[in-house]
Amino acid sequence: MKISFSSILLILIVVFITSSSENNKMVGEAKKCFDGWKCEGEAECREKCIADHKGNGICDLFTAFPVPKQCLCQYDC
């Protein structure tokens, strides 16, 4: 039985695709949760987010004029 080079190449490609399509998600990866409140300064936003949720907080830069800036806090659930 003679196997051609193209058959071997096809088999290798199929094996590569199936082995690389596995789920690479880390086991035990935490989901992200969000909280928000009126921003009273960048430093205060960061400190409150760390104190309340052990997360990362930043003031929203793209808030429409009548709405006060918001502190956006992202943390592990």
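**Disulfide links in the predicted model**

A disulfide joins Cys33 to Cys77, with an S to S distance of 1.6 Å. The model is predicted. The torsion about this S-S bond is about 105 degrees, so the disulfide is right-handed. The pair links distant parts of the chain, 44 residues apart. Cys33 sits in strand β1 (residues 32–38), and Cys77 in the segment after β3. Cys33 is partly exposed, at a relative accessible area of 21%. Cys77 has a relative accessible area of 55% and is therefore exposed, the cut-off being over 50%.

In total, the structure holds 4 disulfides. With bonded cysteines counted along the chain, they follow the pattern 1-8, 2-5, 3-6, 4-7.

Cys39 and Cys59 form another disulfide, their sulfur atoms 1.6 Å apart. This pair also links distant parts of the chain. Cys39 lies in the loop between β1 and α2 (42–53), Cys59 in strand β2, 20 residues apart. Both Cys39 and Cys59 are buried.

In the disulfide of Cys49 and Cys73, the sulfur atoms are 1.9 Å apart. This link is right-handed, with 70 degrees about the S-S bond. Cys49 belongs to helix α2 and Cys73 to strand β3, so the pair ties together parts that are 24 residues apart in sequence. Cys49 and Cys73 are both buried.

Leu61 was also examined. Leu61 is found in the loop between β2 (56–59) and β3 (70–76). At 62% relative accessibility, Leu61 counts as exposed. Its C-alpha atom is separated by 9.6 Å from that of Cys71, 10 residues away along the chain.

Notes
Residues are numbered from 1 along each chain as its sequence is written. This is a predicted model: local features need pLDDT of at least 70, side-chain atom pairs count only at pLDDT 80 or more; totals for chains, interfaces and linings use all residues. Side-chain values use heavy atoms; hydrogens and water are left out. Helices (H or I, at least four residues) and strands (E, at least two) are DSSP runs, numbered from the N terminus. Buried means under 20% relative accessible area, exposed over 50%, partly exposed in between (1.4 Å probe, protein chains only). A disulfide is a pair of cysteine sulfur atoms within 2.5 Å.
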